[in-house]
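Here is a guided walk through one protein model. Keep the sequence and the 3D view side by side as you read.

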Amino acid sequence: MIAKIVKGKGFKGVVNYVLDKAKQTQLLVAYGVRHKSRESIIRSFALQAGMNPRVSKPVGHISLDFSVQDSGKLSNEQMIRIAADYMKQMGIVDTQCIIGRHYDKEHPHLHIVFNRVDNNGKTISDSNDRFRSEKICKLLTQKYGLYFASGKENVKGHRL
């Protein structure tokens, strides 16, 4: 399992990307947002981000990517458990989030969009998030019995 972390200023682009029909998205979790439509999700995120205007990049977007070898083990429920465990260990708690699973690639993956302004108006820290994330991904890969590559044998050179 690997994670790619991105921070941004506006929720519209990331919500539209995660919920893109071309990606065959399945919305697995919508916590703390009105999920009647894309626009209501975006408004919910923006409203809460307004509680702390000092946060210049309130958008948190994490892609959790799993190995093709794990495809058979990863039900939606299992992916939600892994994502929740990941978020908790990263300190992404008490805030709005949506989790969408994409089916546009051969490997299973999901996208987490969260508000870096929590439900109390406090900032969710991004200090050393890439280092913490790498460590947490390795721990969760072991904990959930996921495939751990021994080397770079499956690297797709054409994608580099």
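## A walk through the model

Cys137 is a buried residue, because its relative accessible area is 5%, under the 20% limit for that class. The model is a predicted one. A disulfide is a covalent bond between the sulfur atoms of two cysteines. For a pair to count here, the two sulfur atoms must lie within 2.5 Å. Across the whole structure, the search finds 0 disulfides.

Now turn to helix 2, which covers residues 38–49. How far apart are its end C-alpha atoms? They are 17 Å apart. Its 12 residues, at 1.5 Å a residue, should span 16 Å, so the two values agree. Several residues of helix 2 are buried: Ser40, Ile41, Ile42, Ser44, Phe45, Gln48 and Ala49. What covers them? The cover includes helix 1 (11–18), strand 4 (97–102) and strand 5.

Look at the meeting of helix 1 and helix 2. Their axes come within 10 Å. They cross at roughly 140 degrees. The crossing is right-handed. Helix 1 brings Phe11, Lys12, Val15 and Asn16 to the contact. Helix 2 brings Arg38, Ile41, Ile42, Phe45, Ala46 and Ala49. Sorted by class, the contact has 7 nonpolar, 1 polar and 2 charged residues. An α-helix has 3.6 residues a turn, so residues three or four places apart point the same way.

Move on to helix 3, residues 76–90. Its 15 residues should span 21 Å at 1.5 Å a residue, and its end C-alpha atoms are 21 Å apart, so expectation and model agree. Which of its residues are buried? They are Asn76, Gln78, Met79, Ile82, Ala83, Asp85, Tyr86, Met87 and Met90. The cover over them includes strand 1 (2–8), strand 2, strand 3, strand 4, strand 5 and helix 4.

Take Ala83 as one of these buried residues. Its relative accessible area is 0%, which means that Ala83 counts as buried. Beyond its close sequence neighbours, up to four places away, Ala83 touches Leu64, Ile99, Leu110 and Ile112. Val18 sits 65 residues from Ala83 along the chain, and their C-alpha atoms are separated by 15 Å. After helix 3 comes Gly91, with a positive phi near 85 degrees.

Most residues other than glycine have a negative phi. Gln24 has a positive phi, near 55 degrees. Gln24 lies in the loop between helix 1 and strand 2 (26–31). Asn128 also has a positive phi, near 55 degrees. Its place is the loop between strand 5 and helix 4.

Next, a strand residue. Ser63 lies in strand 3, residues 59–65. Is Ser63 buried or exposed? Ser63 is buried, because its relative accessible area is 10%. Setting aside neighbours within four places in sequence, Ser63 is in contact with Ile2, Ala3, Lys4, Leu110 and His111. Ser63 and Leu28 are 35 residues apart in sequence, and their C-alpha atoms are 14 Å apart.

Finish with Lys122. Lys122 sits in the loop between strand 5 (109–115) and helix 4 (129–143). Lys122 counts as exposed because its relative accessibility is 55%. Which residues does Lys122 touch, leaving out those up to four places away in sequence? They are Asn52, Arg116 and Val117. Ile98 is 24 residues from Lys122 in sequence and 19 Å away in space, C-alpha to C-alpha.

Terms used. Residues numbered from 1 in each chain as written. Predicted model: local features only at pLDDT ≥ 70, side-chain atom pairs only at ≥ 80, totals over all residues. Heavy atoms only, no water. Helix = DSSP H or I, 4+ residues; strand = E, 2+ residues; numbered from the N terminus. Buried < 20%, exposed > 50% of the residue type's maximum accessible area, 1.4 Å probe, protein only. Contact = heavy atoms within 4.5 Å. Expected span 1.5 Å × (residues − 1). Axes fitted to C-alpha atoms, helices over the stretch in contact; angles between N-to-C directions. Left-handed = near helix turned anticlockwise from the far one by under 90°. Nonpolar A, V, L, I, M, F, W, Y, C, P; charged D, E, K, R; others polar.
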